[in-house]
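Please keep the sequence and the structure in view while reading.

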Amino acid sequence: MSEQAVHPFEQMIVVLSRLVRDGEIAAVGTLSPLPAAALYLAQLRHAPNIEPLVYGDPDMRITDGLHEFFGLAQRGLIDLFFLSGIQIDQQGNFNLSVIGDYHRPKLRLPGGAGSNMMIMMAKRTIFFTITHTKKLFVPRVDFVNGSARDDSIPWRRGVFSHCVTPLALLRFDESKGRLILDATYPGIGIETVAGNTGFDLDTAGRTIPEIDPITEEELSLLRGTVLERLRRVYPLFCDMIWP
């Protein structure tokens, strides 16, 4: 193993990559270097037949920007998409718009930008967050930009798959209609994850496994071929993580 310590973002990239399934058409929108790197890594390892659509990648076979992204999703041609949120709650609702009252918010953000349509129409969506706190994982989001389930809608294609954080891997349990703890990183206890989450993670009576440590092969690819490809899209991010 390299003498350079594994950065938490590297660990998250590896966990995201392991969730990618071979053969998927997988899309990444703007400001998303972690899932972009995860797709490149997955393609080099266990998923050589994926079609990675990374916004901003000069090799991407899309010429009309986000409009073409959305068009593909609406035609049911995106298998996997990635999203994040400023708040996520136990029911899988996510917020990208405001903190506090909508009309007098403490913080106003750019908004959903098509995220609700994407989680509805991409076959599955994996969430990622670069922090794991009670301010992010809240009992109820202040504003709903999108949801894992909406019984008022007669049909939807997409599901909330997982959420990758710096502390753990969460999974949306369809039968229970809620986010639950799926696994923790090595050395991070369930108590730490629960103490930084604003809702119950349904750990009672369940054995929560540890995520397999990052391998030498994964780290070597990530710091080599993946980094070279990612740098063309996210040069500043790469300089920050891999100076």
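A nonpolar core is a set of buried Ala, Val, Leu, Ile, Met, Phe, Trp, Tyr and Cys residues joined through side-chain atoms within 4.5 Å, where buried means under 20% relative accessible area. The model examined here is predicted. In its largest nonpolar core, which has 43 residues, the members that touch the most others are Phe-82, Val-164, Leu-230 and Trp-242.

**Nonpolar cores**

- Leaving aside residues up to four places away in sequence, Leu-230 is in contact with Pro-33, Ala-36, Ala-37, Tyr-40, Phe-237, Cys-238 and Trp-242.
- There is also a second, separate core of 35 residues, whose members include Ala-148, Leu-167, Ala-168 and Ile-208.
- As general background, nonpolar side chains in soluble globular proteins tend to be buried together.

**Salt bridges**

- The count of salt bridges comes to 14, and one of them joins the side chains of Arg-223 and Glu-10, with an N to O distance of 2.8 Å.
- That pair links distant parts of the chain, since Arg-223 lies in helix α6 and Glu-10 in helix α1, 213 residues apart.
- Arg-223 counts as buried because its relative accessible area is 19%, under the 20% limit, and Glu-10 is likewise buried because its value is 1%.
- A salt bridge between Arg-171 and Asp-182 has its closest N and O atoms 3.0 Å apart, and it links strand β11 (residues 168–173), which holds Arg-171, to strand β12 (residues 178–184), which holds Asp-182, the two residues being 11 residues apart.
- Arg-171 is partly exposed because its relative accessibility is 27%, and Asp-182 is also partly exposed because its relative accessibility is 21%.
- Asp-200 pairs with Arg-178 in a salt bridge whose closest N and O atoms are 2.8 Å apart; Asp-200 sits in the loop between α5 and α6, while Arg-178 belongs to strand β12, 22 residues apart.
- In this pair Asp-200 counts as partly exposed because its relative accessibility is 47%, whereas Arg-178 counts as buried because its relative accessibility is 19%.
- Salt bridges with shared partners bring Arg-18, Arg-45, Glu-217 and Glu-218 together in one network.

**Cysteines**

- The structure holds 0 disulfides.
- Cys-163 counts as buried because its relative accessibility is 0%, and Cys-238 is buried because its relative accessibility is 0%.

**Positive phi angles**

- Most residues other than glycine have a negative phi, and against that background two residues of this chain deserve a look.
- Ala-113 has a phi near 55°, a positive value in a residue other than glycine, and its place is in the loop between β7 (105–108) and α4 (115–121).
- Ala-113 counts as exposed because its relative accessibility is 68%, over the 50% limit.
- Asp-202 also has a positive phi, near 55°, and is found in the loop between α5 (190–195) and α6.
- Asp-202 counts as buried because its relative accessibility is 14%.

Note on methods: Residues are numbered from 1 along each chain as its sequence is written. This is a predicted model: local features need pLDDT of at least 70, side-chain atom pairs count only at pLDDT 80 or more; totals for chains, interfaces and linings use all residues. Side-chain values use heavy atoms; hydrogens and water are left out. Buried means under 20% relative accessible area, exposed over 50%, partly exposed in between (1.4 Å probe, protein chains only). Contact means heavy atoms within 4.5 Å. Helices (H or I, at least four residues) and strands (E, at least two) are DSSP runs, numbered from the N terminus. A disulfide is a pair of cysteine sulfur atoms within 2.5 Å. A salt bridge is a side-chain nitrogen of Lys or Arg within 4 Å of a carboxyl oxygen of Asp or Glu.
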